[in-house]
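Subject: A structure for you to look at

Hi,

Here is the structure I said I would pass on. Please open it next to this email and click along as you read.

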Amino acid sequence: LQAEAEAAIAQAADPRALDAVRVAFMGKQGRITGLLRSLGQVAPEERKARGAAVNALRDGLEGVLSARQSVIDAAALEARLAAERMDVTLPPAPEVRGSIHPISRTMEEMTAIFGSMGFTVAEGPEVEADWYNFGALNIPAHHSARSDMDTFYLPGDHEGYPLVMRTHTSSVQIISMLSEPPPLRLIVPGRTYRADHDATHSPMFHQCEGIVLDRGITLAHLKGCLTDFLRSFFGIAHLPIRFRSSYFPFTEPSMEVDIGWNRRTGEIGGGGDWLEILGSGMVHPKVLANCGIDPREWQGFAFGMGIERVTMLKHGISDLRLFYESDIRWLKHYGASP
Ligand code: PHE
């Protein structure tokens with residue numbers, strides 16, 4: 001029996017096999033346990049000697065078992081160390097990092113530049129009652145601006161006003177004026193929507209609105225603020241800037257702002273040609289009155305520009321659709337590192 005047990009123990013190659021051997025010999029139904037149990041039937045004169053022999057056999061096998069157990073454990077540890085071994089001389093796997101989308105990058109740059117002039121960032125809903133997008137901005141129901149902008153109308157209404165996807169961020173001028181008393185100094189970067197789609201128009205695009213309201217604000221403030229912004233944004237200290245009289249229903253007077261560029265090369269800064277870059281003007285007294293603000297006490301200016309457009313000009317990007325194609329190589333090139 002001893003030889004048989006020792007052979008079985010020596011053959012057990014893993015903890016489970018060894019355990020099976022243990023149970024077969026020393027378990028409740030095991031053969032050695034059986035021998036111990038059968039001592040009762042042995043003649044009393046033999047019992048003592050036989051009992052001692054079986055106990056010795058059991059103790060001996062226990063020693064063999066635990067020795068085998070140590071061997072198996074050591075082998076398992078060895079195998080695990082080999083499997084998990086690492087080569088500390090290998091170069092580290094490159095860390096895959098995303099990048100800031102060029103639109104977000106421009107918004108962050110605008111936020112930083114206007115932030116240094118004391119502007120904070122405001123937001124508003126993209127689905128609006130048409131009153132905020134048009135009516136309160138002095139764009140009456142049948143004004144051409146409504147159809148010019150190819151508005152997306154939505155089913156339903158808000159307090160009797162048709163629902164639209166905002167066609168410009170100017171709606172947030174109204175929301176801001178209604179929600180906090182002047183003085184105000186805000187920019188509003190955000191999504192806007194128009195039913196239009198080609199290389200220079202996307203049904204969803206981004207604008208950055210700005211509004212300043214205070215006592216005694218004049219056209220000179222508007223010109224100074226936008227001149228500083230544009231020179232800082234394009235990184236050209238003497239960027240030529242032209243304020244050109246224009247028309248928006250919600251500003252009076254209104255001005256479009258042009259920057260100097262070279263039409264032939266597309267280079268910003270010089271070259272003698274002018275490129276329209278944003279719309280602006282003094283907030284119309286009717287718009288102030290629509291928001292319960294007394295135009296004799298408070299004056300202000302507002303401006304709005306297309307974020308894709310200025311990003312395209314700044315980086316020489318030719319097709320608007322590239323912004324939304326999610327081509328990783330393009331995004332990495334024109335984006336910023338996080
Ligand atoms: N909302 C105008 C547009 O989308 C831009 C603008 C904003 C003009 C504020 C004047 C003042 O074209």
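Predicted model: local features only at pLDDT ≥ 70, side-chain atom pairs only at ≥ 80, totals over all residues.

Residues are numbered from 1 along each chain as its sequence is written, and side-chain values use heavy atoms, with hydrogens and water left out.

Let's begin with the sheet. Helices (H or I, at least four residues) and strands (E, at least two) are DSSP runs, numbered from the N terminus, and two strands pair if DSSP finds at least two bridges between them. Strands of a sheet pair through backbone hydrogen bonds, either parallel or antiparallel. Here you'll find an open sheet of seven strands in the order 1-5-6-10-9-8-7, with mixed pairing. Strand 1 (120–121) and strand 7 are its edges, each pairing on one side only.

Which strands does strand 6 pair with? On one hand, strand 5 and strand 6 run antiparallel and are joined by ten bridges, with Tyr 193 opposite Met 204 of strand 6. On the other, strand 6 pairs with strand 10 over eight bridges, also in the antiparallel sense; Gly 210 has Phe 303 in strand 10 as its bridge partner. Further along, strand 8 and strand 9 are antiparallel too, with nine bridges, and Glu 256 stands opposite Gly 279 in strand 9.

Strand 6 is largely enclosed by the rest of the structure, because nine of its eleven residues are buried. (Buried means under 20% relative accessible area, exposed over 50%, and partly exposed in between, with a 1.4 Å probe and protein chains only.) Helix 8 (residues 171–179) is mostly covered as well, with seven of its nine residues buried, including Ser 171, Val 172 and Gln 173.

Now zoom in on Gln 207, in strand 6 (residues 204–214). Is Gln 207 buried or exposed? It is buried, at a relative accessible area of 10%. A polar atom of the Gln 207 side chain lies 2.9 Å from the backbone nitrogen of Thr 169. Gln 207 also has contacts (heavy atoms within 4.5 Å) beyond four places in sequence, among them His 168, Val 188, Arg 194 and Met 305.

Next, the pockets. On a 1 Å grid over the protein atoms alone, a pocket is an open set of points where a 1.4 Å probe fits, with protein on both sides within 12 Å along at least five of seven lines; lining residues have an atom within 4 Å of a point. A volume is the space filled by probe spheres set on the points, which are joined across faces, edges and corners.

The largest pocket has a volume of about 1200 Å³. It is lined by 42 residues, and Gln 207 is one of those closest to its centre, along with Arg 194, Phe 205, Glu 276 and Arg 309. Strand 9 gives the most to this lining, with six residues.

The second largest pocket holds about 230 Å³. Of its 14 lining residues, Met 107, Glu 123, Pro 189, Gly 190 and Arg 191 are the closest to the centre. Strand 5 gives the most to the lining of this second pocket, with four residues.

Note on methods: Polar contact = N/O pair within 3.5 Å; in protein donor to acceptor, adjacent residues only side chain to side chain.
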